[in-house]
Amino acid sequence: MSNASDTTLLDVRDLRTHFGSDEHPVRAVDGVSFRIGRGETVALVGESGCGKSVTALSLAHLVGGSVRYAGGEVLYEGRDILHMSESELRRVRGREISYVFQEPSASLNPVIRVGDQIAEAIRLHRPDVNVNMEVARLMRLVGLPDPEQRMHAYPHELSGGMQQRVMIAMALACSPKLLVADEPTTALDVTIQAQIMELLADLQQKLGMAVLLITHNLGLVAGVAHWTNVMYAGRIVESGLTESVLASPRHPYTRALLEAVPRLEGSASRLSGIEGTVPNPAHLPAGCKFHPRCLKCQAVCREEEPGWSEAGERHNVRCHFWKT
């Protein structure tokens, strides 16, 4: 289920991204559907290994290795990205859909100055601009001090927060319509995390771009995302307006994720966790994929995959017992 809109920028329909052979497919993404409107922030939330990053990379046909796009559509302004030619994909990647990847220290090239890394997309897609002036402007836009000097630095000479700002500047080099932020605050301390999220929100307002926020932390999406999709084992299990999902979570997995978010108020009791681990996509359990870890599991959960239920206005859930 997804948020319908007349101003849809990206419409993902029943996306299926598999690895391995046809006989024994590894279903990393297994029938995912959602929409992103122009200027809108949509969150894709779930634990590591649930398929969020593969979904994000599939949007621009970026998944490497023995990948197979087994079904579905990724409609960007009405055009199916999964059926674009390489030349068409090159025009979309970085120019219209851009990425901020997690862990900038691993994503930035350690032997190339950061200014040159930002300049790469500018030279490729915008040959008519003054590259050095544009690099300095972008670095200033993301809050990097003294950009004329800082552009000559190597990644190891910058703090983690500054490296992430460089990554954001690289992503904004061609004024994309959609920014995919994949765990943009991973490995950063809490103060820097807040600064990066505020920066993304400010840039979105200034530039009018849409944002797909990939995160494992439901607490991070509050006040940021318009729409939240909760993902588990390659599928979206709950979807709705963010305030509705956070205030009235209907899926046991969503509730468990919320209970794992630290809170300032209340007692200093131990945080709740979710027993077990995300299942291996090569060996998914029958029925509801969350049932081996669910405290409310009953016989039907082990046997039948739940369909979508309407849990409220613009709020949908995959659970047999969401009402309880």
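In the predicted model, helix α7 buries Gly-161, Gln-163, Gln-164, Arg-165, Val-166, Met-167, Ile-168, Ala-169 and Ala-171, where buried means under 20% relative accessible area, exposed over 50% and partly exposed in between, as computed with a 1.4 Å probe on protein chains only. Because nine of its 12 residues are buried, α7 is largely enclosed by the rest of the structure. Helices (H or I, at least four residues) and strands (E, at least two) are DSSP runs, numbered from the N terminus. The 12 residues of α7 reach 17 Å from the first C-alpha to the last, close to the 16 Å expected at 1.5 Å a residue, the expected span being 1.5 Å times one less than the number of residues. Residues are numbered from 1 along each chain as its sequence is written. Since the model is predicted, local features need pLDDT of at least 70 and side-chain atom pairs count only at pLDDT 80 or more, whereas totals for chains, interfaces and linings use all residues; side-chain values use heavy atoms, with hydrogens and water left out.

Helix α7 (160–171) also contributes to the largest pocket, as one of the elements that give two or more residues to its lining, together with β6 (97–100) and α4 (114–125). On a 1 Å grid over the protein atoms alone, a pocket is an open set of points with protein on both sides within 12 Å along at least five of seven lines, a cavity is a set where a 1.4 Å probe fits but cannot get out, and lining residues have an atom within 4 Å of a point. The largest pocket holds about 520 Å³ of space, a volume being the space filled by probe spheres set on grid points that are joined across faces, edges and corners. Of the 19 residues that line this pocket, Gly-94, Ser-98, Tyr-99, Phe-101 and Met-170 lie nearest its centre, while α4 supplies the largest share of the lining, six residues. By class, the lining comprises 11 nonpolar, six polar and two charged residues, with Ala, Val, Leu, Ile, Met, Phe, Trp, Tyr, Cys and Pro counted as nonpolar, Asp, Glu, Lys and Arg as charged, and the others, Gly among them, as polar.

Four aromatic pairs are present in the structure; rings of Phe, Tyr and Trp (its six-membered ring) pair if their centres lie within 6.5 Å, and planes under 30 degrees apart count as stacked, over 60 as edge-to-face and the rest as tilted. The rings of Tyr-99 and Phe-101 are stacked, because their centres are 5.4 Å apart and their planes lie at 10°. Tyr-99 counts as buried at 10% relative accessibility, whereas Phe-101, with a relative accessible area of 31%, is partly exposed. Elsewhere, Tyr-232, Tyr-253 and Phe-290 form one aromatic cluster.

A search of the whole structure finds two cavities of 30 Å³ or more.
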